[in-house]
Amino acid sequence: MNIQQKLSILADSAKYDAACTSSGVTRNRNGSGTGNGAGSGTGNGAGSTLASGICHSFSSDGRCISLLKILMTNICCFDCKYCVNRSSNDVERAFFTPMEIAELTMNFYRRNYIEGLFLSSAVLKNPDYTMELMVETIRMLRFDYRFAGYIHAKSIPGADPGLVRQLGELTDRMSANIELPSKESLAKLAPQKNYPSILSSMAVIQNGIQNRGQLPSPVPVRSNVSSGRSFVPAGQSTQMVIGATPENDRHIMTLAEDLYRSFHLKRIFYSAYIPVTSHPDLLPVTVPPLLREHRLYQADWLLRFYGFTARELLDDSHPDLDIRMDPKCDWALRHLDRFPVEINTVPYEVLLRIPGIGVRSAQKIVRSRREGLLDFEHLRKLGVVMKRAVFFITCKGRKSPGTVENAELLRSCLLKESDTRLVSLSTFGHSQGEMKPRQLSMFESSPENTIWLPGREDRQKCLTGEM
Ligand code: SF4
């Protein structure tokens with residue numbers, strides 16, 4: 001098998017790792033398209049690099065960078081039931097040697113195709129053996145090829161903590177995937193993995209980040225070359241598959257909150273389960289789960305940047321996010337007693353809770369109102385999404401004319417403004433007929449055989465966090 005064939009298999013196998021912002025996106029020649037991963041691209045137009053496994057991520061200083069995203073191998077001795085690479089699945093297998101990956105990375109880098117590498121792997125023989133190969137690959141890149149670009153590596157579940165530390169000394173970002181939202185689901189669907197070992201890898205990475213420069217480097221360094229690198233400078237992230245198991249959104253957001261708090265993660269990637277494989281233990285996927293994934297990303301932004309807690313967003317009586325609107329709107333509708341608020345006087349923390357006011361517009365409001373009192377027109381110019389905010393605010397003590405206060409009517413108005421689309425289920429299937437958007441009704445819930453799909457605004461909100 002030549003390098004090109006291996007690349008095709010191992011870039012395609014890596015597409016289910018959601019570790020970069022372009023995962024889950026393909027773009028065809030018309031600039032449209034919503035496929036499922038970096039390696040699965042059908043686009044051959046200018047700028048399309050998807051078929052070679054190139055994705056995009058953000059470095060620690062916020063720059064968007066292109067990464068070569070591949071698996072070291074898809075030969076796996078584990079049998080996770082949700083995974084296309086599981087040992088019992090009949091798929092074409094391939095393996096890159098450390099030297100092959102190092103040379104491939106350098107060749108892509110020299111041609112200016114990429115600025116870095118995202119390296120993950122299936123479990124070849126056992127976790128330690130696989131991690132040793134990954135460490136050797138990145139050590140070779142750093143010391144033999146003197147590659148100083150961005151490297152994101154996945155920790156192999158169950159690997160020795162010493163190897164996790166070694167990888168951390170060589171990479172910019174690391175992730176240890178939590179995989180599924182509960183240890184019961186993990187035991188059922190991925191019996192060779194376990195929560196304690198995954199959490200212990202996260203703790204090793206967190207410990208290395210906290211003690212940067214204070215612990216002796218575990219990486220064997222060539223006598224005349226010093227690593228001089230900081231431990232995982234871009235922090236750690238994790239990935240959770242959602243929709244394959246029965247946990248509700250409340251459970252998922254509470255877990256996310258715990259993980260952010262305990263391990264100071266930079267990001268959690270929620271990966272809507274794609275039925276690439278069938279097994280009786282997997283939940284049947286009857287509707288595309290993409291909108292739920294979007295809502296979880298939006299709720300995640302609210303946890304990280306808007307001061308919300310998981311318990312505020314979801315509780316026993318409201319265990320799942322409303323897929324028809326963003327979670328901030330949904331929260332505000334359930335707390336109408338706190339609105340309207342006067343835009344010229346409320347603290348920044350309250351501004352952040354107003355639907356239609358994102359972090360950037362809240363900061364602009366705080367700066368602008370030092371100059372004088374703001375009115376509705378000022379807010380529009382500052383980037384506030386007035387079609388939502390107008391129901392929840394006053395300016396100089398006055399509400400905007402025509403706003404409604406009745407909760408149900410308000411919900412209907414907000415739904416009508418949303419570009420979340422109700423489509424007929426009959427538009428899905430193997431033939432993937434064209435999805436036909438339907439005008440939203442102000443009062444009906446989802447009629448039978450219809451589902452909600454994310455609109456353009458939904459997709460933007462889950463990427464930018466501006467809600
Ligand atoms: S360890 Fe599990 S999730 Fe990872 S490649 Fe193997 S079967 Fe897939």
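The legends below describe close-up views of a predicted model. Residues are numbered from 1 along each chain as its sequence is written, and side-chain values use heavy atoms, with hydrogens and water left out. In this predicted model, local features need pLDDT of at least 70 and side-chain atom pairs count only at pLDDT 80 or more, whereas totals for chains, interfaces and linings use all residues.

**View 1. Strand β3 and its parallel neighbours, β2 and β4.** Helices (H or I, at least four residues) and strands (E, at least two) are DSSP runs, numbered from the N terminus. Strand β3 is largely enclosed by the rest of the structure, because 5 of its 5 residues are buried (under 20% relative accessible area, 1.4 Å probe, protein chains only; exposed is over 50% and partly exposed lies in between). G116, F118 and S120 point one way from β3, while L117 and L119 point the other way. In a regular strand, side chains alternate between the two faces of the sheet. Strand β2 (residues 64-71) runs parallel to β3 and is joined to it by 5 bridges; two strands pair if DSSP finds at least two bridges between them. L71 stands opposite S120 of β3. On β4 (residues 150-154), parallel pairing with β3 extends over 4 bridges, and I151 is the bridge partner of L117.

**View 2. The β-α-β unit of β2, α2 and β3, and residue N112.** This unit is right-handed, meaning that, with the strands pointing away from the viewer, the path from the first strand over the helix to the second runs clockwise. N112 is found in the loop between α2 (98-110) and β3 (116-120). N112 counts as exposed because its relative accessibility is 68%. The C-alpha atoms of N112 and S66 are separated by 9.6 Å, although these residues lie 46 residues apart along the chain.

View 3. R173 is buried yet has no salt bridge (a side-chain nitrogen of Lys or Arg within 4 Å of a carboxyl oxygen of Asp or Glu). The nearest side chain of opposite charge, D172, is 9.2 Å away; Lys and Arg count as positive and Asp and Glu as negative, with His and the chain ends not counted. A polar atom of the R173 side chain lies 3.0 Å from the backbone oxygen of A234.

**View 4. D326 in the loop between α9 (310-313) and α10 (327-333).** D326 is buried because its relative accessible area is 3%. The D326 side chain reaches the backbone nitrogen of K328 at 2.8 Å.

Key:
Polar contact = N/O pair within 3.5 Å; in protein donor to acceptor, adjacent residues only side chain to side chain.
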